[in-house]
Amino acid sequence: MSAEHLPLMSPNNIVLYEAEYLRLKSILAMTQRDLRAELVLLINRSGQQIAFEGPARGIDLTALASLAAANIAATDGLARLVGEPDFSILFHLGERRSIHISDVSKKFSLVVVFDDSVSLGMVRLRVKRATAYLDEVFRGFQRKTETTGFGAKAASGSTSPIYFTDEDID
């Protein structure tokens, strides 16, 4: 996915500059490489893809993003039913492939698809590191947009924010 296809997210609109997008991609690439994961996907809570890394053989990324977001929403409801504020990690174990979904900054989710050659402990360790890095990127970006606004030149040196509509995503 190229930088031109990043989603504009609501209700708190986010417009990513190229430097932030490349940093997100590098975090996903590091995680994918370290885990030899089939896919590392960053989505927003409405199920829109932000970035991904990995071969993703035979995986419909749009469907996966949508279903992962729905899974998160359903799990949030389950958490409230049992008196928890949320469940920040979801894990689905399959015969050959498994999925690990974790919260990032309460607005995004990191979806990792991996095979049985990788231990769940290693996935949890690498995902914990990746979500900390992603949180840092989003916190820095939030601070930057609060001080510079979307129209101003970003501190990263990128002058063009990436805007697009829901039609572009479709």
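Ala79 is found in helix H2 (helices are DSSP runs of H or I with at least four residues, strands are runs of E with at least two, and both are numbered from the N terminus). The model is predicted, so local features need pLDDT of at least 70 and side-chain atom pairs count only at pLDDT 80 or more, while totals for chains, interfaces and linings use all residues. Residues are numbered from 1 along each chain as its sequence is written, and side-chain values use heavy atoms, with hydrogens and water left out.

With a relative accessible area of 0%, Ala79 is buried (buried means under 20% relative accessible area, exposed over 50%, and partly exposed in between, with a 1.4 Å probe and protein chains only). Apart from its neighbours within four places in sequence, Ala79 is in contact with Glu84, Pro85, Asp86 and Phe87 (contact means heavy atoms within 4.5 Å). Leu81 also has its place in helix H2, which covers residues 61-81. Leu81 counts as exposed because its relative accessibility is 73%.

The strands form an open sheet of 5 in the order S2-S1-S5-S4-S3, with antiparallel pairing (two strands pair if DSSP finds at least two bridges between them). Strands S2 (49-53) and S3 (89-92) stand at the edges with a single partner strand each, so one side of each is left without a neighbour in the sheet. On average, neighbouring strands of this sheet are turned by 15° against each other, direction ignored (axes are lines fitted to C-alpha atoms, for helices over the stretch in contact, and angles run from 0 to 180 degrees between N-to-C directions).

S3 is joined by 4 bridges to strand S4 (residues 97-104), and the two run antiparallel. Phe91 stands opposite His100 in S4. Helix H1 (residues 18-35) lies across strand S1 (39-44), S2 and strand S5 (108-115), and runs at about 40° to S2. Helix H2 packs on the sheet and touches S1, S2, S3, S4 and S5; the direction of H2 makes about 60° with that of S1.

Strand S5 is largely enclosed by the rest of the structure, because 7 of its 8 residues are buried. S1 and S5 pair in the antiparallel sense over 6 bridges, and S4 and S5 pair in that sense over 8 bridges. Val113 in S5 is the bridge partner of Leu39 and also of Ile99. The hairpin of S4 and S5 has 3 residues between the strands, and Ser105 in this hairpin takes a positive phi near 60°.
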